[in-house]
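User: I have a model to go through. Please take me through it in short questions and answers.

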Protein chains: 2
Amino acid sequence: MTQSNSSMQLTRAADYGIRVMIQLATLPTGTRTLLSDLSQATDAPVSFLSKILQALARAKLIASQRGKTGGFELLAKGRAASMYDVIEAIDGPICLNTCLVSGKSCERSGWCPAHPVWARAQRAMLDILKQASIEELAGLVKRPEDPQPSELKVLLVVH
Amino acid sequence: MTQSNSSMQLTRAADYGIRVMIQLATLPTGTRTLLSDLSQATDAPVSFLSKILQALARAKLIASQRGKTGGFELLAKGRAASMYDVIEAIDGPICLNTCLVSGKSCERSGWCPAHPVWARAQRAMLDILKQASIEELAGLVKRPEDPQPSELKVLLVVH
């Protein structure tokens, strides 16, 4: 019954979506970035990332411009977005259990004692994802530094 | 990119697992219940529920007895279990994102600003699922009542 991917896991698409949104938010407003550069920054394969960027563009979080000066740029709505907004743009609403899917009622929900626990667990998780602002996270990015020269070799040249 | 099942959703197997554990915990210690009765109580298909019960038995949360007086019964470990314990017995550990999978490090985790948010979101959710005791939930079960007679008809018989 154990699965290779554990239960309740974020999709790879949404994970890459958050990576690419944070990457775009590290850049000054109006900066356009090429798909290939975004792929490199997020470790996401180009073709997969391209579909993710389309979903983010449909949600008006980013815009794509064609042509010589083209590329992907963050829109104001994207800069103001939370991690939850990005996940929702890519995967749709998060529902930890089917009994929480809006508009689809579980006939057990009136008396099932697990239902309110699911509602509480989901609220606790979503509160944290909704408070996590993409722009604030971008301000925290500390890239791994370039390899330091292991030693500063000083050559004393005797005249 | 939107999927029919939303991201981060509990498996049906784990959902049925929680239902069946709560059902067993409503009964006095030592009570054995037939698969067919458990299927009816949980709305889970018999063949699927059978596999779920095997996983719960492997985790020593329940025991199955063969024969005329056989059936499934809750073990002490099962009565003391939390909703999280049941999910883990069926699906393995919950990891909201691959970067949280124990023993599998993400090379971005040292600097990626989303990583600590995922860790916090997971902790908040798991705290609630770990505090939800199967036995306590069973004590809260209020089954839908049998249909009430809509009206008490009193026949006045005149002698």
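Analyst: First, a definition: angles under 35 degrees count as roughly parallel, over 145 as roughly antiparallel, 65 to 115 as roughly perpendicular and the rest as oblique. This is a predicted model, in which local features need pLDDT of at least 70, side-chain atom pairs count only at pLDDT 80 or more, and totals for chains, interfaces and linings use all residues. Residues are numbered from 1 along each chain as its sequence is written, chains are lettered from A and ligands numbered from 1 in the order in which they are written, and side-chain values use heavy atoms, with hydrogens and water left out.

User: How do α3(A) and α5(A) lie to each other: roughly parallel or roughly perpendicular?
Analyst: Helix α3 (residues 46-58) and helix α5 (residues 83-91) of chain A have axes 9 Å apart, at an angle of about 110 degrees. Axes are lines fitted to C-alpha atoms, for helices over the stretch in contact, and angles run from 0 to 180 degrees between N-to-C directions. Helices (H or I, at least four residues) and strands (E, at least two) are DSSP runs, numbered from the N terminus. α3(A) and α5(A) are therefore roughly perpendicular.

User: Which residues make the contact of α3(A) with α5(A), and how many are nonpolar?
Analyst: Contact means heavy atoms within 4.5 Å. I52(A), A55(A) and L56(A) of α3(A) meet V86(A), A89(A) and I90(A) of α5(A). Ala, Val, Leu, Ile, Met, Phe, Trp, Tyr, Cys and Pro count as nonpolar, Asp, Glu, Lys and Arg as charged, and the others, Gly among them, as polar. By class there are no polar and no charged residues here, and the nonpolar ones number six.

User: What share of the residues in chain A is buried?
Analyst: Buried means under 20% relative accessible area, exposed over 50%, partly exposed in between (1.4 Å probe, protein chains only). Chain A has 159 residues, and the buried share is 50%.

User: Is T33(A) buried or exposed?
Analyst: T33(A) sits in the loop between α1 (12-25) and α2 (35-42) of chain A. Leaving aside neighbours within four places in sequence, T33(A) contacts L24(A), L27(A), L38(A), G71(A) and F72(A). Its relative accessible area is 9%, so T33(A) is buried.

User: How far apart in space are S109(A) and Q23(A)?
Analyst: S109(A) is in the loop between α5 and α6 of chain A. S109(A) counts as partly exposed, at 28% relative accessibility. Between S109(A) and Q23(A) there are 86 residues in sequence and, C-alpha to C-alpha, 41 Å.

User: How is chain B related to chain A?
Analyst: Copies are superposed by least squares on the C-alpha atoms of residues with pLDDT of at least 70 in both. A rotation of 180 degrees with 0.0 Å of shift along its axis puts chain B on chain A, with RMSD 0.0 Å. The copies are thus related as by a two-fold rotation axis.

User: Which residue of chain B comes closest to the rotation axis?
Analyst: The copies meet through the same surface, because 100% of the interface residues of chain B are also interface residues in chain A. Of the residues of chain B, the one closest to the axis, at 1.9 Å (C-alpha), is M8(B).

User: What does C106(B) touch, not counting residues up to four places away in sequence?
Analyst: C106(B) is in the loop between α5 and α6 of chain B. C106(B) is partly exposed, with a relative accessible area of 22%. It touches R19(A) and C99(B).

User: How many residues of α5(B) are buried?
Analyst: The buried residues are M83(B), Y84(B), V86(B), I87(B), A89(B), I90(B) and D91(B). Their cover includes α6 (114-131) of chain A, along with α1, α3, α6 and α7 of chain B. Helix α5 of chain B is mostly covered, and of its nine residues the buried number is seven.

User: Is K60(B) buried or exposed?
Analyst: K60(B) lies in the loop between α3 and β1 (62-65) of chain B. Phi of K60(B) is positive, near 60 degrees, in a residue other than glycine. At 54% relative accessibility, K60(B) counts as exposed.
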